[in-house]
Amino acid sequence: MEQEKVLEVKNLQKHFKLGRKNIVKAVDDISFDINKGETFGLVGESGCGKSTTGRTIIRLHDATGGQVVFNNENVHGKKSKKDLLKLNRKMQMIFQDPSSSLNPKMTVMDIVAEGIDIHKLAESEADRKARVEELLETVGLNREHATRFPHEFSGGQRQRIGIARALAVEPEFIIADEPISALDVSIQAQVVNLLRGLQRDYGLTFLFIAHDLSMVKYISDRIGVMYFGNMVELAESDELYRNPLHPYTKSLMSAIPLPDPDYERNRTRVAYDPAEHDTSEEPEFREVKKDHWVRCTTEEFEQYKRQLENK
Amino acid sequence: MSKLLEVKDLSVSFNTYSGEVQAVRGIDFDLKKGETLAIVGESGSGKSVTTKAITQLLSKPQGYIKTGEILFEEEDITKYSNKQMQKLRGKDISTVFQDPMTSLNPTMKVGRQIAEGLIKHRKMSKAQARDKTIELLELVGIPQAEKRINQYPHQFSGGMRQRAVVAIALACNPKILIADEPTTALDVTIQAQILELMKEIQREMDSAIIFITHDLGVVANVADRVAVMYAGKIVEIGTADDIFYNPKHPYTWGLLGSMPTLDSDEEELYAIPGSPPDMLNPPEGDAFAPRNRFALEIDTKMEPPMFQVSDTHYAASWLLHEHAPKIDPPESVQRRMQGFASMDDGKDGED
């Protein structure tokens, strides 16, 4: 079955200027596609550019170079207000910190309804209220919560408000930037179950950005691993965990703590040393196996191929 | 092994405008020389407050120890004066806090912050302290230590800063190191490094560690024994193997079940419904009952006592009472336990 692409990221670059001379290449030439209805996980350490990628895709940052194509339409570049509105409605974002991403002076009703108002989706005041209440129930809150303010809620509940706000405009594609890292373990599972349920019910597409690899593996269909602004490996999540090829991916995976004392006692951590690559040749992003991409040099490419054949 | 620290029936409360918040409600545990005790629980379960009570760093006058005693080398330190405590803190008991950015003084050179304790507690001269500081920085794996001591915290990366904090905590060879979520703010690769470092230093110095975290993966990595806290009480305590391979309390099941395993493809995670209780008015009976799908009628009326499972393993749940219906852990938790058993062949820890 040919899968329908929702989002294509082509050679995306985002550089930040620091003063006159220094440039931080937060995202440096990355490309990937996201298919309809799938969850794409983006992992990496802090500072690797995964959040910047998410924010550039949704146009919170302007791209320095490259393209983001959403439903066959370029996200960046000059746009009329009308086009921009249309785009914003289809693409939404859930932020990491549920306390700083909700306006403390607005009631939950107004927070969730903001998108409904902007896009004029409600026919009447009663319709607006009904929509918000339905959304709150969808994300597991009560309709009575609508009149309260964000500070009256716990972290997990606030994150649910953030999710309800993103859902209010009936988006197709949601970027979730570390949506669970600020939450307690037991609440994390609640929110992840909620996100998966919503995806099933509404056919949503997710870009899930996180550093918790076990959670990313659980929720994602495909995973991209980022390192210093580059994507170093991209594969289906099972494949990535079974056959990690890039040394950085291996090191990242060997560092995940598992809730199993025996495994932990015998664990050996693999450290990543960028110096082990041959620097005389600029590495490229190559497909080692079907749908399994690694950033490597020609020599490494051959080596990885052999490695997979021997498995 | 002798008991280094004994906490007996400790209760800590905070006076607030809306009333008394009972953060810790009668807990008992002990700590032996050279061992690592992990305290796990959600935010608000009282795990940090417990350690702050030990070092008397509770925000005063709101926070106070309501009942109980804390015996350090058989002396009750809750009765210590401020001056006596200051001698103890940093020397015998030191703490590594969660956020390395806020626990270092931004206007003071890193070297001086480490040397401070050496000069004060170990009566070293400045030159001696400087040499020792360099040695400590090298011990925690900071390269070019001689250059680094003259730098300020903002010139260190997050992982390096946490290493410096560990160096401060270790400066006076403490008998007890309290690590309050020391790796939560760090990346997994850095986290692994810091954990390895702490274990290595523990082996060298034979200190005991109280490790506070909510990440069960980290617990499995560092802990000899584990105490699970919920709503200000220890609900289950035992060796790491007891807690991970033979958990008895439904809350522990929930914690274990809410973490996905790397080879699981389950449709739903086993989440604990609801949210933790309000400690202003803790519920009657078992505080976990409203979120417990296995709750019995008695749970809403009477608090369960600690039932002994084995010599090392205790849990507070009415399910362990001899008249209680026999309930097995939920399937996903059982599968996880079996999965672990099959991962390493020669092991027969399951029963």
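A residue counts as buried if 20 or more other C-beta atoms lie within 10 Å of its own, as exposed if 12 or fewer do, and as partly exposed in between, with C-beta atoms placed from the backbone. The model is predicted: local features need pLDDT of at least 70, side-chain atom pairs count only at pLDDT 80 or more, and totals for chains, interfaces and linings use all residues. Residues are numbered from 1 along each chain as its sequence is written, and chains are lettered from A and ligands numbered from 1 in the order in which they are written.

**Exercise 1.** Determine whether A:R59 and A:E170 are buried, exposed or partly exposed, and describe the backbone at each.

*Solution.* Begin with A:R59, which lies in the loop between α1 (50–57) and β4 (65–70) of chain A. A:R59 has 18 other C-beta atoms within 10 Å, so it is partly exposed. Its phi is near 75 degrees, a positive value in a residue other than glycine. Next, A:E170 is placed in the loop between α5 (155–167) and β7 (173–177) of chain A. With 15 other C-beta atoms within 10 Å, A:E170 is therefore partly exposed. Its phi is positive, about 55 degrees, although it is not a glycine. Most residues other than glycine have a negative phi.

**Exercise 2.** Characterise the packing of α3 and α4 of chain A.

*Solution.* Locate helix α3 (residues 108–118) and helix α4 (residues 125–138) of chain A, which pack at an angle of about 110 degrees with axes 10 Å apart. Because angles of 65 to 115 degrees count as roughly perpendicular, α3(A) is roughly perpendicular to α4(A). The contact (C-beta atoms, placed from the backbone, within 7 Å) is made by A:M109, A:V112, A:A113 and A:I116 of α3(A) and by A:R128, A:R131, A:V132 and A:L135 of α4(A). Finally, classify these residues: six are nonpolar, none polar and two charged. Here Ala, Val, Leu, Ile, Met, Phe, Trp, Tyr, Cys and Pro count as nonpolar, Asp, Glu, Lys and Arg as charged, and the others, Gly among them, as polar.

**Exercise 3.** Describe the side of chain A that touches chain B.

*Solution.* Count first: 32 residues of chain A are in contact with 34 residues of chain B. Then find the largest share on the chain A side, which is seven residues from α6(A). By class, this side of chain A has 15 nonpolar, 10 polar and seven charged residues.

**Exercise 4.** State the geometry of the peptide bond from B:K60 to B:P61 and its location.

*Solution.* The bond is cis, with omega near 5 degrees. B:P61 is in the loop between α1 (47–54) and β4 (63–72) of chain B.

Key: Axes fitted to C-alpha atoms, helices over the stretch in contact; angles between N-to-C directions. Helix = DSSP H or I, 4+ residues; strand = E, 2+ residues; numbered from the N terminus. Parallel < 35°, antiparallel > 145°, perpendicular 65-115°, else oblique. Contact = placed C-beta atoms within 7 Å.
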